[in-house]
Amino acid sequence: MKTLKFTFALLLCATIFACSSDDDSAEALIGQTGPLTLKFDNGVGDQDFIFGTTYNKSNNESFQLTNLKYIISNVRVKDSNGNTFMYPVEDNAFIISEANGNNAGEIYLTLDNVTAANYTEVTFGVGIDQERFALGAEGQGDFLDEASDEGMMWSWASGYKFIRLDGTFSTTSVTNEPLNVHMGSVGSSLDNYREVTLTFPNTVIVRQDTSPEVHIKADIAKVFDGATTANFADGYDQVHVDEVETPIIANNINGMFSVHHVHNN
Amino acid sequence: MKDLQNFKKIVVLTLFVFLITNNSEAHEKKGSCSNHETFSFFCDLCGCSTSSGSFGFGTLSNANFVGVRYIYQNFESKNGIFENSPISKESFNTYQLWAQIPINNSFYVSANLPYQDLTRNFNNVKENINGIGDASLIGWYKLPFYKKQDENTVDFNNEKIASGHSLQFGLGVKLPTGKFEQRLSDNVNPGFQVGTGSVDGIFSLGYNYGGNMYGVNTLISYYLKGENKNNYQFGNQLSYSVNVFRAFSTQKMNIMPFVGISGDVYNEIEQYGETLKDTDGTIVNASFGSELAIEKFIFGASYTLPLSQSLFGDNVESKQRISVYVNFAL
């Protein structure tokens, strides 16, 4: 029996040591990269966003949309040691278009070759910052064409539309009038680029053999009922280059994102 | 090592001997139901995740048996993060080989080997996974209670009279004989797995009473879930159940209808040592059914309906469970 006891004790020790060996040590991760997917999921409050559905907002107003797009750029993630991984700038602008959603209405933004690490937060900008815009038309790479095709550009001088909502709205006095919110920076005179940082509810583990997903909820209701209430009756049915209106929409949009959950696979 | 080998041999031999010698006792019919045993079983839906240790009550009437059981369960799961996200429907078919085998008067072993056939229907696309599920093995110690003897009377036959009350203590293990697939863990219903991929400990305490007409089976079990090789660990689970049955005996058969309450409490799932949100839950079920014993065969059926539930952030809803079985008394 004594032999048996020793055998068990040895086995136990071996198991404990085996478990505590850290194969995710920093050295083992050097040179390792993996993909990271941000899943954007548009909703209105606790409802999934669906084209053509009427959504109520404050001030007894309602809206429905046929077009819903926004630009995400400068995506970067911070790991548990405080290091930031910035996705290559030249590829770091994306159009999130509801029309491109899968059957669950999720729009995938996949970052490839992300440095292997345990990430705790993501930061991204909504729209295009002045620095990128200052690179000129040549400096925009393929994104300029993409944005033009998606209707996310005014003229080059005016620049990008950061968010584009098209549809109709109703108030207590009018019904189904056209709604167009095209908010951008308006060249370099007005900077409506905003950044948002979201903390992950669970660590996002990027490795060569993993493909984690971050499920980001975008609450479209916040565009109008965000930090500042924007009523259609007060002129927010047509938002284009106005110096007063566009920063309010930009600030509202900044607060519409949240991370619902993450998947580590 | 030699010790260990000998030990194994002895266990196997003992098991075998008791299988033969206890044969006669197991199917002896005393009154209606003095042999009632509670059954704790197990993870009917693979992972012990949405399913149930509370699904215990295969056998009301017999202590020892080998048998087959079929369980049908269905669920509805929300596929998305919104109130109006689309629903997927999951139907789980489980075919089990199960047995309770006596070792001696005080000890017995219960075993369960499931085959899982799980289907998920989302937007009219069906996904099916099937295969051998996770096997369970539990060793039980039974502590019967005896009627108090009158101290003034002389006890001639020197034999204690069973009171019908007994306690059972179970200690078991669930083995990762079923396959755990990481890709499936993304589903809203984490139970959509053939196996958990983990070794789990099972701790059970049962109390039974079997009178001539009525009987009560109660069981409380705790499942200590292990971490699988995908760094995924299902939440520990507490299961309980109370069943009350009535026995009607004729010369040829024994009919035992029963009603019961059962429930499960699930802790949150952990992955990479972190707790995952909305992966805990509780469910309380009502069941009714009946058993029919004819000679050595026991036929059983039960229907289970949730009374209240809150599973995985209310994203998963258990609809119903149906169980039928045929056992052969040993």
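This briefing describes a predicted model with chains A and B. Local features are given only where pLDDT is at least 70 and side-chain atom pairs only at pLDDT 80 or more, whereas totals for chains, interfaces and linings use all residues. Residues are numbered from 1 along each chain as its sequence is written, and chains are lettered from A in the order in which they are written. The model scores ipTM 0.80 and pTM 0.78.

**Confidence**

- The predictor's confidence in each residue is given as pLDDT, on a scale from 0 to 100.
- Chain A has an average pLDDT of 90, and 90% of its residues score at least 70. Over residues 15–23 of chain A the pLDDT is below 50, and this stretch has one contact in the model beyond near neighbours in sequence. Two residues are in contact if their C-beta atoms, placed from the backbone, lie within 7 Å.
- For chain B the average pLDDT is 79, with 77% of the residues scoring at least 70. Residues 7–54 of chain B stay under 50, and the model has 131 contacts for them beyond four places in sequence.
- Where pLDDT is low, the predicted coordinates should not be read in detail.

**Interface between the chains**

- In the model, 21 residues of chain A are in contact with 19 residues of chain B.
- On the side of chain B that touches chain A, six residues are nonpolar, seven polar and six charged. Here Ala, Val, Leu, Ile, Met, Phe, Trp, Tyr, Cys and Pro count as nonpolar, Asp, Glu, Lys and Arg as charged, and the others, Gly among them, as polar.

- The largest nonpolar core has 61 residues, of which Ile71(A), Ile72(A), Val181(A), Val206(A), Ile220(A), Val223(A) and Ile249(A) touch the most other members. Strand β4 (residues 62–79) of chain A gives the largest share of this core, with eight residues. A nonpolar core is a set of buried Ala, Val, Leu, Ile, Met, Phe, Trp, Tyr and Cys residues joined through C-beta atoms within 7 Å.
- A residue is buried if 20 or more other C-beta atoms lie within 10 Å of its own, exposed if 12 or fewer, and partly exposed in between, with C-beta atoms placed from the backbone.
- Leaving aside residues up to four places away in sequence, the contacts of Ile71(A) include Phe94(A), Ile128(A), Met152(A) and Phe162(A).
- Helix α6 (residues 245–254) of chain A has Thr246(A), Ile248(A), Ile249(A), Ala250(A), Asn252(A) and Ile253(A) buried. Among the elements that cover the buried residues of α6(A) are β8 (117–126), β9 (161–170), β10 (177–184) and β11 (194–206) of chain A.

**Overall make-up of chain B**

- Chain B contains two helices and 17 strands. Helices (H or I, at least four residues) and strands (E, at least two) are DSSP runs, numbered from the N terminus.
- Of its 330 residues, 43% count as buried.
- Of the contacts in chain B between residues at least 6 apart in sequence, 65% join residues at least 24 apart.

**Strand pairing in chain B**

- Two strands pair if DSSP finds at least two bridges between them.
- Strand β5 (residues 136–146) of chain B pairs with β6(B) in the antiparallel sense over 10 bridges, and Ile138(B) has Gly172(B) in β6(B) as its bridge partner.
- β6(B) is also joined to β7(B), antiparallel, by 10 bridges; Leu167(B) has Tyr207(B) as its bridge partner in β7(B).
- An open sheet of three strands has the order β9-β13-β14 (chain B), with antiparallel pairing. Because β9 (232–233) and β14 (274–275) of chain B each have a single partner strand, they stand at the edges, and one side of each is left without a neighbour in the sheet.
- Strand β13 (residues 270–271) of chain B is joined to β14(B) by two bridges, and Glu270(B) has Thr275(B) as its bridge partner.

**Loop residues of chain B**

- Gly178(B) lies in the loop between β6 (162–174) and β7 (200–210) of chain B. It counts as buried because it has 25 C-beta neighbours inside 10 Å. Gly197(B) is 19 residues from Gly178(B) in sequence and 6.6 Å from it in space, C-alpha to C-alpha.
- Most residues other than glycine have a negative phi.
- Asp278(B), although not a glycine, has a positive phi of about 60 degrees. Asp278(B) is in the loop between β14 and β15 (281–294) of chain B and, with 17 C-beta neighbours inside 10 Å, counts as partly exposed.
- Glu295(B) is likewise not a glycine and has a positive phi of about 50 degrees. Glu295(B) lies in the loop between β15 and β16 (297–311) of chain B and is exposed, with 11 other C-beta atoms within 10 Å.
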